[in-house]
Amino acid sequence: MHIAMIGSGYVGLVSGACFADFGHDVTCVDKDETRIAALERGEIPIFEPGLEEIVAANVRQKRLSFTRSLAPAVAAADAVFIAVGTPSRRGDGHADLGYVYAAAAEVADALDGFTVIVTKSTVPVGTGDEIERIIRERRPDADFAVVSNPEFLREGAAIADFKHPDRIVVGTGETRAREVLSEIYRPLNLNQPPLIFMARRTAELTKYAANAFLATKITFINEIADLCEKAGADVQDVARGIGLDNRIGPKFLHAGPGYGGSCFPKDTMALVKTAQEFGAPIRIVETVAASNETRKRRMADKILEACSGSVTGKTVAVLGLAFKPNTDDMRDAPSLVILPALQSLGASVRAFDPEAMGQARPLLADVTFCDDAYECIRGAHALVILTEWDAFRALDLARIRTLLAEPVIVDLRNIYNPEDVRKRGFAYTGVGRG
Ligand code: UDX
């Protein structure tokens, strides 16, 4: 199959590289000249384990190429994937579909022969209908089908998620489009995982429902964690105790500082807006979004409390800035709320992240960025674990004890064993470990 991938951001690049790795012929298109030039030199603009190797191998084998010219790539394609950004629109929280519709118009002008146009970007219900209208209006002669094929990959595990998905959702009622999508995903051996066909609007909504459900699960365990703290219970055990019930499942029950990232905050807001517009408000997701926002700010108060009620004139060492480990992504990271809140309480902040410091620097003013974890901790009055990078799990606690001015650990990801840490002479605060 010949595939054109419009948008070489996170989803576009991972999907394009993986499709090429399946053996398809893929052209990734992006308007950003610097990005395309870098990709052509083999430089990957994001940190994603395994991506660089897959891109290099497929470029070498001439199955993957990068270009700024959309028209020839689209004309040659059996399927055109739209994987451009759908950021939150300023002011109202709706998904901004400007890039999607602009791409649709450009694709329309270049269509040649039957082509399946697939939205990979997360788009609100009804977007496929509008894309179809835009293309028909510009090209009444064109032979095409618009399909929704949302992507469920997680940052940091994107290649594995793409290649071993739990399911692939395809929204289309068109037989020829079904055949093209079946062929594209055939290398995955399609009974396992299932390729699920459904109506286009249903597929669009499925993506938002999945993200909102996961965000709800996280927020649920976060609020249970708050109750555990007050009631003298341990949220880790509660999570295990409920997660082994396979109607609930053990994943996404890890209490922490609140979810961040490029998807959950924006997609929950967009779903809330869509539901309100349709007159079917989803109160539970409205509450989840609000609860998650206040939670991030409250984490600073938790640190304050651990520092005996005052951080004025004190230094707080923060390990981990990215919204989660194995990524350099800072979008909606809890650190962007928690660090400024600590500063406004009077603290000086030192920070270290194995990958995200480049992204973090311009976003966090007056923070001292350190070269490694131990340097970050030296002389600080408290150590805060904000992202659960594996490298922080095995830090030498005895050494940390000698480096800290006060032996205070605030573990917002519950990576340490409280008893063990306390035995070593630290005052330990976790999340939901009352
Ligand atoms: C998410 C969805 O998982 C993915 O299917 C979708 O395509 C994009 O959005 P991602 O944002 O990459 O993926 O990360 P994910 O691993 O889901 O974590 C999201 C946020 O939730 C992170 O801030 C993480 O720290 C937090 N989280 C996750 C928790 O606080 N507790 C958990 O148990 C799980």
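Reader: Leaving aside its neighbours within four places in sequence, what is alanine 105 in contact with?
Author: Alanine 105 is in contact with Ile134 and Arg138, where contact means that the C-beta atoms of two residues, placed from the backbone, lie within 7 Å. This is a predicted model, in which local features need pLDDT of at least 70, side-chain atom pairs count only at pLDDT 80 or more, and totals for chains, interfaces and linings use all residues. Residues are numbered from 1 along each chain as its sequence is written.

Reader: Where is alanine 105 found?
Author: Alanine 105 is part of helix H5, residues 98-110. Helices (H or I, at least four residues) and strands (E, at least two) are DSSP runs, numbered from the N terminus.

Reader: And why does alanine 105 count as partly exposed?
Author: Because alanine 105 has 14 C-beta neighbours inside 10 Å. A residue is buried if 20 or more other C-beta atoms lie within 10 Å of its own, exposed if 12 or fewer, and partly exposed in between, with C-beta atoms placed from the backbone.

Reader: Switching to helix H8, which of its residues are buried?
Author: In helix H8 (residues 175-185), the buried residues are Ala177, Val180, Leu181 and Ile184. They lie on the same side of H8, because they cover an arc of only 95 degrees around the axis; the arc is that of the directions from the helix axis to the C-beta atoms.

Reader: What is exposed on the other side of H8?
Author: Thr175 and Glu179 are exposed there.

Reader: On to the open sheet: in what order do its 6 strands come?
Author: The order is S11-S10-S9-S12-S13-S14, with parallel pairing. Two strands pair if DSSP finds at least two bridges between them.

Reader: Which strands stand at the edges?
Author: Strands S11 (367-369) and S14 (427-429) do; each has a single partner strand, so one side of each is left without a neighbour in the sheet. On average, neighbouring strands of this sheet are turned by 20 degrees against each other, direction ignored. Axes are lines fitted to C-alpha atoms, for helices over the stretch in contact, and angles run from 0 to 180 degrees between N-to-C directions.

Reader: How many bridges does S13 have with S14, and how many with S12?
Author: S13 (residues 408-411) pairs with S14 over 3 bridges, and 3 bridges also join S12 to S13. Valine 408 has alanine 427 in S14 as its bridge partner, while isoleucine 409 in S13 stands opposite leucine 383.

Reader: Which way do the residues of S13 point?
Author: Val408 and Val410 point one way, Ile409 and Asp411 point the other way, and all are buried.

Reader: Which helix lies across S13?
Author: Helix H12 (residues 283-306) lies across S13, as well as strand S9 (315-319), strand S12 (382-385) and S14, and runs at about 155 degrees to S13.

Reader: One last topic: what is the phi of asparagine 414?
Author: Phi of asparagine 414 is near 50 degrees, a positive value in a residue other than glycine. Most residues other than glycine have a negative phi. Asparagine 414 sits in the loop between S13 and helix H18 (418-423).

Reader: Is asparagine 414 buried or exposed?
Author: Asparagine 414 counts as buried, because it has 21 C-beta neighbours inside 10 Å.
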